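Reader: Could you go through this model with me, one piece at a time? I would like plain answers, please.

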Amino acid sequence: MSTAAAPARSGAVLADLLPSTTATRALARDAALVLGGAALTGIAAQIAVPVPGSPVPVTGQTFAALLVGTAVGARRGFFSLALYALVGMAGVPWFAGGTSGAGGASFGYVLGMLLAATVVGALARRGGDRSVLRTAGTMVLGSAVIYAVGVPYLALSTGMSLGAAVAAGLLPFLIGDALKAALAMGVLPTAWKLIGDRG
């Protein structure tokens, strides 16, 4: 019996629509999704633009982490970002700008992405990626989770005041986050619409 279901099925995320006919194939599919999500985040992290006055660059990794969580769901999203974090901590240079290890000024954002991928994945299971407005809300909440962990970590790791950390680690990124959210607002609902049209 196939686990692929009707596209509009309640409680499904995009990855659930990939067919798997047995439990073994479902496990292999999930492992591939977790590995792929970690790899996508690591690749996107290499798109890094320094921000004057901030130790945190603008990267593609936050968008990738939110996209992974939304597309694969909370559990697989958590494991994807946990794998990304653990492998980077072990020395693979796939954090922002080819860095690795724990304890850097931007490592709190990596931890925030792990939590955010889980949150947006749970929201996607409730239809948080099916329409433009829902996707916008999902992306805004996911970004807020990243900053809720990343900014205090930045303050603690650098000795900045919380206000200085907000100025250096949040405010310069809001326009980029709005653009990333707009991209997700186009991609995710369109993917569901295309799947629905084919179903």
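Reader: What covers the buried residues of α3?
Author: The cover over the buried residues of α3 includes α1, α2 and α4, where buried means under 20% relative accessible area, exposed over 50% and partly exposed in between, with a 1.4 Å probe and protein chains only. Helices here are DSSP runs of H or I with at least four residues, numbered from the N terminus. This is a predicted model, in which local features need pLDDT of at least 70 and side-chain atom pairs count only at pLDDT 80 or more, while totals for chains, interfaces and linings use all residues. Residues are numbered from 1 along each chain as its sequence is written, and side-chain values use heavy atoms, with hydrogens and water left out.

Reader: Which residues of α3 are buried?
Author: They are Ala 74, Arg 76, Gly 77, Ser 80, Leu 81, Ala 82, Tyr 84, Ala 85 and Gly 88. Tyr 84 has a relative accessible area of 0%.

Reader: And how far apart are the end C-alpha atoms of α3?
Author: They are 22 Å apart, which agrees with the 22 Å that its 16 residues should span, the expected span being 1.5 Å times one less than the number of residues. After α3 comes Gly 91, with a positive phi near 120°.

Reader: How many of the residues of α2 are buried?
Author: In α2, 12 of the 12 residues are buried, so this helix is largely enclosed by the rest of the structure. Gly 73 follows α2 and has a positive phi, near 95°.

Reader: Switching to Thr 41, is it buried or exposed?
Author: Thr 41 is buried, at a relative accessible area of 0%, and it belongs to helix α1, residues 23-44. Beyond its neighbours within four places in sequence, Thr 41 is in contact with Gln 61, Ala 64, Ala 65, Val 68, Leu 81 and Tyr 84, contact meaning heavy atoms within 4.5 Å.

Reader: What lies 2.8 Å from a polar atom of the Thr 41 side chain?
Author: That is the backbone oxygen of Gly 37.

Reader: Now the rings: how many aromatic pairs are there?
Author: A search of the whole structure finds six, a pair being rings of Phe, Tyr or Trp (its six-membered ring) with centres within 6.5 Å, and planes under 30 degrees apart count as stacked, over 60 as edge-to-face and the rest as tilted. One of them joins Tyr 84 and Phe 95 edge-to-face, at 5.3 Å centre to centre and 70° between the planes. Phe 95 is buried as well, with a relative accessible area of 5%. In another, Tyr 109 and Tyr 147 have ring centres 6.2 Å apart and planes at 85°, so that pair is edge-to-face. Tyr 109 sits in helix α4 and Tyr 147 in helix α5, 38 residues apart.

Reader: Which residues do ring pairs link into a cluster?
Author: The cluster is made of Tyr 84, Trp 94, Phe 95, Phe 107 and Tyr 153.

Reader: Last topic, where is confidence lowest and highest among the helices?
Author: Helix α7 has the lowest, at a mean of 85, and helix α3 the highest, at 97, on the pLDDT scale of the predictor's confidence in each residue, from 0 to 100. The chain averages 90, and 93% of the residues score at least 70. Over residues 1-8, however, pLDDT stays under 50. Where pLDDT is low, the predicted coordinates should not be read in detail.

Note on methods: Helix = DSSP H or I, 4+ residues; strand = E, 2+ residues; numbered from the N terminus. Polar contact = N/O pair within 3.5 Å; in protein donor to acceptor, adjacent residues only side chain to side chain.
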